[in-house]
Amino acid sequence: MFEPKRLHPISAVINFVKGLKDALFPLVALFFLNGGFSGEIEWIPLTVTSAILLFILVGGIVRWLRFTYRMEEGELRIEYGLFIRKKRYIPIERIQSLDFSEGIFHRPFQLVKVSVETAGSGNDGAEAELTAIHKQEAEELEEMIAQYKQDPSISEGDEVTEQETAESVSTPLYEMRMKEIILMAITSGGAGVVLSGVGVFFSQVMDALPLGAIYQEIVDWIQIGVLIVAFTAILVLAIAYVISIVLTLFRYANFRVMIQDDDLIITRGWLEKKQTTIPINRIQGLRIDENIIRQPLGYASVTIISAGGAIMQGDENQLRLLPFIKKAEINAVMQRILEDYTIDVEFSRPPRRALPRYIVRQSWLFWIAVIPVSIYFFPLGLLSILVALGATALGWLAYYDAGWNLTGKQLTLRSRSILKQTFIMKRHRIQSAYKKQTILQKRIELSHIQVALKSGAGGQFAECNYLREDTVDQLMDWYQPDPKKVTE
């Protein structure tokens with residue numbers, strides 16, 4: 001692949017659509033300056049709008065014409081730029097993975113968008129993107145990079161033989177069925193918000209609705225107004241909830257996890273099909289999440305903490321390896337990927353004297369707010385006591401869910417704020433460990449521990465609060481390197 005290649009011409013259309021998205025606000029402003037829906041046409045705003053659209057269209061075409069890529073001398077070389085010619089050379093050994101995605105513009109032409117991920121990719125995005133190339137070319141590029149990493153002496157122009165291709169076989173590990181995807185969407189965090197809103201609404205309807213004298217007093221009209229506002233708010237929440245379910249179905253349809261050589265491959269999506277490749281050797285740890293709704297049902301999600309780059313930005317791109325799975329089945333799946341990780345462990349809880357501190361930590365702000373809310377919104381304000389009691393119960397639950405386990409070279413920490421999280425980490429993957437202790441905690445021999453793992457351009461933190469001080473000291477001593485190995 002010495003000769004420079006261009007992207008598929010559909011890239012010009014994609015560039016045009018992106019340009020329209022970026023210029024949406026000024027175009028809408030010009031639309032209303034041009035009379036909006038009144039039918040009156042102002043020629044100056046119309047001319048400016050036409051000029052902007054023409055510039056975006058021409059810019060998209062020029063970007064496509066000036067964008068080329070090639071493999072040469074152990075590098076992926078990309079040249080691009082609308083006004084200024086730019087060159088980006090990415091050494092193949094720095095490339096962690098190629099992630100594929102197929103949007104509505106790609107599928108009719110058997111195209112994919114290729115995101116080039118490197119260890120240095122930050123939160124701004126992938127190291128480079130090939131907006132639209134044929135799927136076969138993308139697979140050949142991926143195979144060429146894999147071959148070069150195994151043997152740098154292989155020329156970029158060498159073709160991939162059938163024998164070499166046959167050696168790379170994808171083994172399926174996990175697949176989500178549609179009923180599991182629907183159940184995952186229904187039991188998401190948004191479900192609790194909507195259901196609680198519906199409960200509050202119906203609890204107030206009987207008090208706010210004047211039966212038999214609606215038109216007799218002004219107060220009744222005010223109550224009707226409040227009722228309409230409340231009904232509208234609940235309707236908006238319900239619509240948002242339904243939309244979130246539909247988006248989840250689109251996002252996680254056809255969700256599969258496969259293992260190929262030393263890589264995990266995650267594919268998902270209906271309208272936009274995405275494929276994410278995760279090198280197993282970049283995995284820093286695991287995180288198991290359980291929300292209040294799913295925990296009693298025995299379901300959880302497993303997220304990989306990876307040292308990869310831009311793939312970690314935002315919730316959309318989190319590495320959800322197992323988005324919705326029975327907790328009892330996690331160990332069987334993970335043993336096929338990470339044999340040295342132990343999922344089912346016995347946890348040691350914080351001491352009993354830590355319970356009041358967990359409760360105060362979760363609920364003190366709510367109890368302070370109860371007094372002014374109850375006074376100024378009496379009698380409905382008294383309902384804030386129920387919220388404070390709920391926060392107190394959450395603190396009690398946080399105490400009983402907290403725990404730690406130390407097994408050989410593995411540290412497992414479990415904690416809860418609203419979401420119950422379990423971090424599973426190997427000692428050589430931990431970036432740093434902290435012991436935190438206030439003066440009051442020192443008097444009763446309690447302290448916190450916090451552990452940092454590398455994740456993308458930043459990090460993720462696991463913690464467990466109000467442990468015995470000697471327990472935290474034991475964990476800190478375990479993490480410290482052996483002095484004999486350091487001197488060697």
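The legends below describe close-up views of a predicted model.

Residue numbers start from 1 along each chain as its sequence is written, and side-chain values rest on heavy atoms, with hydrogens and water left out. Because the model is predicted, local features need pLDDT of at least 70 and side-chain atom pairs count only at pLDDT 80 or more, while totals for chains, interfaces and linings use all residues.

**View 1. The open sheet of seven strands.** The strand order is E7-E6-E5-E11-E10-E9-E8, and the pairing is antiparallel. Strands E7 (128-134) and E8 (170-175) form the edges, each pairing on one side only. From one strand to the next the twist averages 20°. Strands (E, at least two residues) and helices (H or I, at least four residues) are DSSP runs numbered from the N terminus; two strands pair if DSSP finds at least two bridges between them.

**View 2. Strands E10 and E11 within the sheet.** E10 (residues 263-268) and E11 (residues 273-279) run antiparallel and are joined by six bridges. Thr267 stands opposite Gln275 in E11.

View 3. H1 (residues 10-22) lies across strands E6 (111-118) and E7. The helix runs at about 135° to E7. Axes are lines fitted to C-alpha atoms, for helices over the stretch in contact, and angles run from 0 to 180 degrees between N-to-C directions. Contact means heavy atoms within 4.5 Å.

View 4. Glu73 has a positive phi of about 55° although it is not a glycine. This residue sits in the loop between strand E2 (68-72) and strand E3 (75-80). With 59% relative accessibility, Glu73 counts as exposed (buried means under 20% relative accessible area, exposed over 50%, partly exposed in between, with a 1.4 Å probe and protein chains only). Gln110, also not a glycine, has a positive phi of about 55° and lies in the loop between strand E5 (95-102) and E6. In the loop between helix H11 (355-376) and helix H12 (384-401) is Pro379. The peptide bond from Phe378 to Pro379 is cis, with omega near 5°.

**View 5. The surroundings of Ala185.** Ala185 belongs to helix H6 (residues 178-186). Its relative accessible area is 3%, so Ala185 is buried. Leaving aside neighbours within four places in sequence, Ala185 is in contact with Tyr241, Ile245 and Thr248. Ala185 and Thr248 are 63 residues apart in sequence, while their C-alpha atoms are 6.1 Å apart in space.

**View 6. A network of salt bridges that includes Glu73.** Arg70, Glu72, Glu73, Glu75, Arg77, Glu79 and Arg85 are linked in this network. A salt bridge is a side-chain nitrogen of Lys or Arg within 4 Å of a carboxyl oxygen of Asp or Glu. The structure holds 19 salt bridges.

**View 7. The salt bridge between Asp401 and Arg416.** The closest N and O atoms of Asp401 and Arg416 are 2.7 Å apart. Asp401 lies in helix H12 and Arg416 in strand E16 (residues 410-416), so the pair ties together parts that are 15 residues apart in sequence. Both Asp401 and Arg416 are buried.

**View 8. The salt bridge between Glu469 and Lys435.** The closest N and O atoms of Glu469 and Lys435 are 3.4 Å apart. The pair links distant parts of the chain, with Glu469 in helix H14 (residues 469-479) and Lys435 in strand E18 (residues 430-436), 34 residues apart. Glu469 counts as buried at 16% relative accessibility, whereas Lys435 is partly exposed at 33%.

**View 9. A nonpolar patch on the surface.** The patch is formed by Ile104, Phe231, Leu235, Ile239, Val242, Ile243, Val246, Leu247, Phe250, Trp270 and Leu271. Together these residues have about 1000 Å² of accessible area. Accessible areas come from the Shrake-Rupley method with a 1.4 Å probe, and for residues only the protein chains shown count as cover. Patches are made of residues with over 30% relative accessible area and no salt bridge; like charges are joined within 9 Å and nonpolar side chains (Val, Leu, Ile, Met, Phe, Trp, Tyr) within 5 Å. Val242 is found in helix H8 (residues 218-252) and counts as partly exposed, at 48% relative accessibility.
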